[in-house]
Amino acid sequence: MSALLEGRQRKALAASYFAFYAILGLMVPYLSLYLDHLGFNSAQIGWMLAILFATRMIAPNIWAALSDRLGTPVRIIRAGALLAALTYLGLFVAKEFLVLAVVMGIYTFFWNAILAQLEVVTLTTLADRPQDYGGLRSFGSVGYIVLVVGAGWWFGLRGPADLPWVGLVLFLALLGASMALTEVAPRVRNEAETDIPFMSQLLQRPVLLFLLAAMLMQGSHGPFYTFYVLYLRGLGLGESTAGILVAVGVLAEIGIFLLAPRLLGRFSVRTLMALCCVMTSLRWVLTDAAGTSVLGHGVAQLLHAFSFGLAHACGIQFVHRNFSAAHQGKAQALYASVSFGLGGAIGAYISGQLWHNGAGASLTWTLAAIAAASALVALLLMGREQDGRRR
């Protein structure tokens with residue numbers, strides 16, 4: 001651990017991941033609870049969560065283009081953290097649907113500028129030791145766990161009305177962590193790479209199919225991100241239990257992140273991603289079938305190691321290997337916008353339309369399983385010769 005966090009830059013990266021994913025750990029499981037507290041119905045909640053993900057379709061690409069032009073990803077991270085914290089203040093006064101939707105659209109636009117640039121800074125910092133990525137990224141998982149469990153316990157005692165205050169503290173922590181980061185010059189892997197146009201790298205059949213698979217995988221998480229806490233509460237399981245179950249999944253995610261370098265060194269990205277698709281489909285089937293069984297939900301949550309943890313590690317590495325150094329910012333942003341942005345927004349919207357205050361839960365989980373299985377088809381169409389490594 002001491003070697004992993006050696007130097008100010010690595011400590012700042014770990015703190016930034018912790019704060020960013022702590023915000024996610026507050027917003028994804030509990031924003032629906034807060035919106036339900038404000039009196040919104042399932043369709044409206046679905047729209048709100050779709051906004052959160054939809055800004056990932058636009059924001060990362062705009063900010064990445066600016067970052068690539070300026071060559072200063074750390075400056076983009078700081079600006080995003082500052083502007084997100086300032087615009088997040090609107091959550092304290094916004095109670096009507098349209099006003100709250102506008103506030104969410106604005107602050108998430110700035111917040112979603114951060115992660116793709118943080119990944120670029122991390123991969124550039126770890127150019128000599130890329131195997132340390134999983135260890136640093138696991139601090140984000142720890143932040144997620146702390147907030148999921150802590151907020152679940154707090155909201156179980158006091159209700160979700162305090163969510164805006166908790167979020168403000170986290171945004172300020174993210175801003176503080178970003179101020180400790182320093183710019184790192186990217187390494188060009190060879191002279192020819194600088195001349196390869198971005199679109200020629202993007203429009204390769206394996207790249208497009210992998211992005212489609214990533215979008216379907218994240219889209220399948222729609223009902224989980226949007227309604228899981230409300231789903232468990234409807235089954236008679238409280239917020240505290242929901243927080244612990246989500247934390248179980250993130251603990252499994254941490255474990256797989258630590259194993260990911262070995263797995264990616266032994267197996268192709270395509271093979272590992274295909275395994276993730278199968279496990280993800282199984283996860284949603286088990287979530288539907290578990291009923292009131294805490295053990296059943298716990299087993300389903302362990303599969304988060306594959307549906308998010310290993311799948312995300314595969315996505316980051318695929319992009320890193322298949323795009324030149326000059327285009328890493330745009331490529332990582334595109335990956336985030338297509339998978340978490342477009343996929344997440346579609347999943348949240350469809351879930352909101354089908355959920356019907358829990359009456360459509362079984363249908364929604366079934367469609368989620370089908371979406372994950374469809375991602376497997378996209379991967380199979382990539383072709384056996386493709387393993388996600390640059391030629």
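Colleague: Which residues do ring pairs link into a cluster?

Modeller: The model is a predicted one. By the ring-centre criterion, the count comes to 27 aromatic pairs. Ring pairs join one set of residues into a cluster, and its members are Phe 53, Phe 224, Tyr 225, Phe 227, Tyr 228, Tyr 231, Trp 284, Trp 355 and Trp 365.

Colleague: Is the aromatic pair of Trp 284 and Trp 365 stacked or edge-to-face?

Modeller: The ring centres of Trp 284 and Trp 365 are 5.7 Å apart, with 20° between the planes. Planes under 30 degrees apart meet the cut-off for one class, whereas those over 60 fall in another. The pair of Trp 284 and Trp 365 is therefore stacked.

Colleague: Which helices hold Trp 284 and Trp 365, the two members of a pair that links distant parts of the chain?

Modeller: Trp 284 counts as buried at 0% relative accessibility, and Trp 365 counts as buried at 0% as well. The two residues are 81 residues apart. Trp 284 belongs to helix α12 (residues 269-289), and Trp 365 to helix α16.

Colleague: How are the rings of Phe 109 and Phe 110 arranged, edge-to-face or stacked?

Modeller: Phe 109 is partly exposed, at a relative accessible area of 22%, while Phe 110 counts as buried at 16%. Their ring centres lie 5.4 Å apart and the planes stand at 75°.

Colleague: At what angle do the axes of helix α2 and helix α10 cross?

Modeller: Two packed helices are described by the angle and the distance between their axes. The axes of helix α2 (residues 42-70) and helix α10 (residues 222-234) come within 10 Å. The two helices are oblique to each other, since the axes cross at roughly 135°.

Colleague: How many residues in the contact of α2 with α10 are nonpolar, polar and charged?

Modeller: From α2, the contact is made by Ser 42, Ile 45, Gly 46, Leu 49 and Phe 53. From α10, Tyr 225, Thr 226, Phe 227 and Leu 230 take part. The residues of this contact divide into six nonpolar, three polar and no charged.

Colleague: Which residues have the most contacts inside the largest nonpolar core?

Modeller: The largest nonpolar core has 134 residues. Helix α1 (residues 8-37) supplies the largest share of this core, 18 residues. Those with the most contacts inside the core are Met 27, Trp 111 and Leu 163.

Colleague: With which residues is Met 27 in contact, leaving aside its neighbours within four places in sequence?

Modeller: Met 27 is among the residues with the most contacts inside the largest nonpolar core. Once neighbours within four places in sequence are left aside, Met 27 is in contact with Leu 52, Tyr 88, Tyr 107 and Leu 163.

Colleague: What is the phi of His 356, a residue that is not a glycine?

Modeller: Most residues other than glycine have a negative phi. His 356 is placed in the loop between α15 (328-355) and α16 (361-380), and counts as exposed at 52% relative accessibility. Although His 356 is not a glycine, its phi is positive, at about 50°.

Colleague: What is the phi of Asn 357?

Modeller: Asn 357 also has its place in the loop between α15 and α16. Asn 357 is exposed, with a relative accessible area of 64%. Its phi is positive in a residue other than glycine, with a value near 55°.

Colleague: Is His 304 buried or exposed?

Modeller: His 304 is found in helix α14 (residues 304-322). Leaving aside neighbours within four places in sequence, its contacts are Gly 249, Val 250, Glu 253, Arg 283 and Gly 309. Because its relative accessible area is 6%, and the cut-off is under 20%, His 304 is buried.

Colleague: How far apart are the C-alpha atoms of Ala 345 and Trp 47?

Modeller: Ala 345 is found in helix α15 and counts as buried at 10% relative accessibility. Not counting residues up to four places away in sequence, Ala 345 touches Ala 50, Phe 53, Ala 54, Met 57 and Phe 340. Ala 345 and Trp 47 are 298 residues apart along the chain, and their C-alpha atoms are separated by 8.5 Å.

Definitions and conventions
Residues numbered from 1 in each chain as written. Predicted model: local features only at pLDDT ≥ 70, side-chain atom pairs only at ≥ 80, totals over all residues. Heavy atoms only, no water. Core = buried A, V, L, I, M, F, W, Y, C linked by side-chain atoms within 4.5 Å. Buried < 20%, exposed > 50% of the residue type's maximum accessible area, 1.4 Å probe, protein only. Helix = DSSP H or I, 4+ residues; strand = E, 2+ residues; numbered from the N terminus. Contact = heavy atoms within 4.5 Å. Axes fitted to C-alpha atoms, helices over the stretch in contact; angles between N-to-C directions. Parallel < 35°, antiparallel > 145°, perpendicular 65-115°, else oblique. Nonpolar A, V, L, I, M, F, W, Y, C, P; charged D, E, K, R; others polar. Phe/Tyr/Trp six-rings, centres within 6.5 Å; stacked < 30°, edge-to-face > 60°.
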